[in-house]
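Good morning, and thank you for coming. Please look at the structure first; I shall then take you through some parts of it.

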Amino acid sequence: MGNTPTNAPIAAPTPVPTPTPTPKTNRIGLQVIDYRGGKTTLCAGCGHNAISERIIDAMYEMGVKPERVAKFSGIGCSSKSPAYFMNRSHSFNSVHGRMPSVATGAMLANKNLIALGVTGDGDTVSIGAGQFVHLMRRNLPIIYIIEDNGVYGLTKGQFSATADLGSTLKSGVVNDLPPVDTCAMAIQLGATFVGRSFSGDKRQLHTMLKAAIAHNGTVMLDVVSPCVTFNDHEGSTKSYKYMQAHEEPLHEVSFVPAFEEITVDYDPGTTFEVTMHDGSSLRLRKLEREYDPTDKIQAVSRLMESHAKGEVLTGVFYINAKAPSFIDMLNVTDEPLATLPESVTRPSREVLAKCMEELQ
Amino acid sequence: MATTDVVPQELSGQPGQRRVVVVNDMSIQVATVNGSGSQSSNTVLLRSIFQMGVPISGKNLFPSNIAGLPTWYTIRANKDGYIARKKEIDLLIAMNAETAQDDVKTLTAGAAVLYDEPLALDKVRDDLIYYAVPYDKLAASVGAEAKLRKLIKNMIYVGVAAQLLEIDFAEVEKAVRKQFSKKVKAATLNLAAAKAGHDYAAANLKKRDPFYIQRMDKTKGKIIVDGNSAAALGCMFAGCTVVTWYPITPSSSLVETMIEYMKEHRVGPDGKATFAIVQAEDELAAIGMVIGAAWAGARSMTATAGPGISLMAEFTGLAYYVEIPAVIWDIQRVGPSTGLPTRTAQGDVLSTAFLSHGDTNHIMLFPNSVNECFTMAQDAFDLAERFQTPVFVMSDLDLGMNNWMSDPFPYPDKPIDRGKVLSKADLEKLGGFARYKDVDGDGVGYRTLPGTDHPAAAYFARGSGHNEKGQYSERPDDFERNMERINKKFETARSFVPRPELMGGGKSKIGIVGYGTSHWAIVESRDQLSKEHRVETDYLRVLSYPFTREVYDFIERHDRIYVVEQNRDGQMASLLKLDIKPELTPRLRSICHVHGLPIDARSVTDEFMMMEGK
């Protein structure tokens, strides 16, 4: 309970009325409570809850209108989590592995939505591998978060396809198949903002999420999110302990949103700056001097290297802030297709007469 | 004789000489190899007869292959308007060496055969009328380059057939020009080929068969179109905004044609599209996108065939439970994998009715014509959005990919129905809403669209477990109440779906039930039964599922009912048996037709008479 004195009198009458403190609001006048969701039903200590908190903070700080956000998920513990943040946003808990198609459809119908997909490693890499691949290829505007814990939680702890070679289940069973690196896949396939973080790395994840909100295209974030019930033991490579020992940040990430005045200068020799689609600035302070996050080949190669070294590399591995998104390429009307009136969506009698004449 | 309608007539040009002639009643079969370019020639022949004012239909019986396998195109010309496939062939145009012998062997005595001279088919049987044509020589004489000769051989047979059948060559010319309207050079060459065939026949072939095309006026103002194109037009005029699909025969042409129409007619002056059409990675994604788009408010659809329907099962169930509109065109074809995917069937009726897991039942529409492909497009979208549920339009390969004659399509006479959607203004008045509450007593709740700018607009869409407010619930009473309400929607839909079509005087004790493309064989069969066997029948054509009151009444009123369909197990009959009073089920009898070719009247008549014990 922090600094609250526990012996303070309850509801003590105050003779002099004090002004009610103005609740803190963001740039669109909303409080952080306006971004909250239902009470979580995930296990205490689950990494997914921390990710939900970071989403709330990032959306609040970026001043995103909750009504513009559409949340999407598949099946699994991770996919339940959209119920635990942003109640004022529509949400669609779809079927196992097929959230990408539902999100794609929704974005076709209403390109003004901000799509946020929350999924897991089972949902994405196994049953959903096909849809994941094509989502990345299309560069659909979406923030796609994999809450990656290396196991199937909701079915009680079977290995997923991101489990590392040689890692063990609680029962001692050893994983003898190599893991899929979702980031390397996403980079190769065409996603334009690809990064990895850790649910326990509050600052990095928070910053990456804010930058993700500013991006126009597919943001693929693989967030290692330990499963306290089935995969937090010795022998797991997705445990809190393992991550604390092996997380290797590629750079220090900072972000200045477009609506804030840029006051801090940076040294281009030590910091890589990316100007985002909306004018925001993503700054990556180099910990490795040579790393260029706009170079796909380097990104994939560095990821492969990290596997060989046994480190869990985090940060923004690849970014292309200029590539057209799938919605840009479709060249649809400014007004969402969903709400176009009949006068626009039904051609005239003359058009039908012309079509009929062509068939005569 | 290969025909059922023989009329003695004075032959023109041969005064005083009486012989049997058959006018405007025949079926022509062209046997070729696929990939040989015969499609254009067959269309020209079809159109030439159509332009002579004679009702026609054209059916392509093709293999699942790009080039080199046998393919047959059947044209039926019939003065009485019978356009179902005719079982017997009257004129065979044999161009495929590989099948020619078999093709000739299956003909009825008296049929005519037009063949490529080197095939020497006249040695196979002596009860047919043969015409040999030296195609290679004629092709060379037209002056085509060597590589084009194979293609123009096909146009030569059009000329020969036109001359033999006495089709006005001006109509052939008109049809060639229409076919190659954008390619002047090709038009000239093809016309020369047709003329070479025509001239050769005039100079060298002595007419010995009885078949003639004479001018009539039964096609004036009519159009020729395939069902998939008609559906594409229908969807465009129904205000469809999102199409997501995965290529599969025989549905691909629906979306491909739609892309062409939409690009032409649904792009604004600013160059921006009022639609999005996306080729998905598979049918799972195609239906997922449809559902996502519909959830977000688009009028969205996909088109597929049986295997795609199977893959869409899981998502269809989700849409049923989450209550999201979706329009799914099922261009039915023969079953799984390789073999007969390019052959027609009505084989998905039962599986589609209950597609997915858990308790589900889905609205289905059964178009029988290109006209209904057009009109049912709007019905499907309106029903889907009105009842917030998937709606299946059960077309088939015969309807979807073949050429049908039709009156021009009527401009939609009803406004688009977007169903119960609450806007920001509605929410400001109401303060909030309960997504799955039956406010109006019809089982249908009110929905909101993502992006609606009101703090109370959002709801959480999820599968089976939710209460009236859309909140997570595993309570038995919530689930049960929800299931009953969803069923109520289906009951309400009974009075919204297209009503069946009833034919016959209502005095007969024998009924026929049919649907979709089987209709055309049934209509002709009923006339055969009446004329040849003095058996009168009543006929009910089912247009939709759930069944409407008229269907139950029809079964009550008849002692025995023949359900005619193009599958093995009598799927519609089974569906009816599940729905009618148990004591009525013995009245239903199945006439099933399952060989991949469009159903024909003669088969129906024969089967009917056999089952009647006559």
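I begin with what covers the buried residues of H17(B): among the elements are strand S20 (510-515), strand S21 (538-542), strand S23 (560-565) and helix H20 (601-611) of chain B. Helices (H or I, at least four residues) and strands (E, at least two) are DSSP runs, numbered from the N terminus. A residue is buried if 20 or more other C-beta atoms lie within 10 Å of its own, exposed if 12 or fewer, and partly exposed in between, with C-beta atoms placed from the backbone. In H17(B), the buried residues include Trp520(B), Ile522(B) and Leu529(B). Just after H17(B), Arg534(B) has a positive phi of about 55 degrees.

This is a predicted model, in which local features need pLDDT of at least 70 and side-chain atom pairs count only at pLDDT 80 or more, while totals for chains, interfaces and linings use all residues. Residues are numbered from 1 along each chain as its sequence is written, and chains are lettered from A and ligands numbered from 1 in the order in which they are written.

Let us turn to chain A. Its mean pLDDT, the predictor's confidence in each residue from 0 to 100, is 93. Over residues 1-9 of chain A, however, pLDDT stays under 50. Where pLDDT is low, the predicted coordinates should not be read in detail.

Is Lys111(A) buried or exposed? Lys111(A) counts as buried, because 24 C-beta neighbours lie inside 10 Å. Lys111(A) sits in the loop between helix H3 (99-109) and strand S3 (114-120) of chain A. The C-alpha atoms of Lys111(A) and Ala338(A) are 9.4 Å apart, although 227 residues separate them along the chain.

Definitions and conventions
Contact = placed C-beta atoms within 7 Å.
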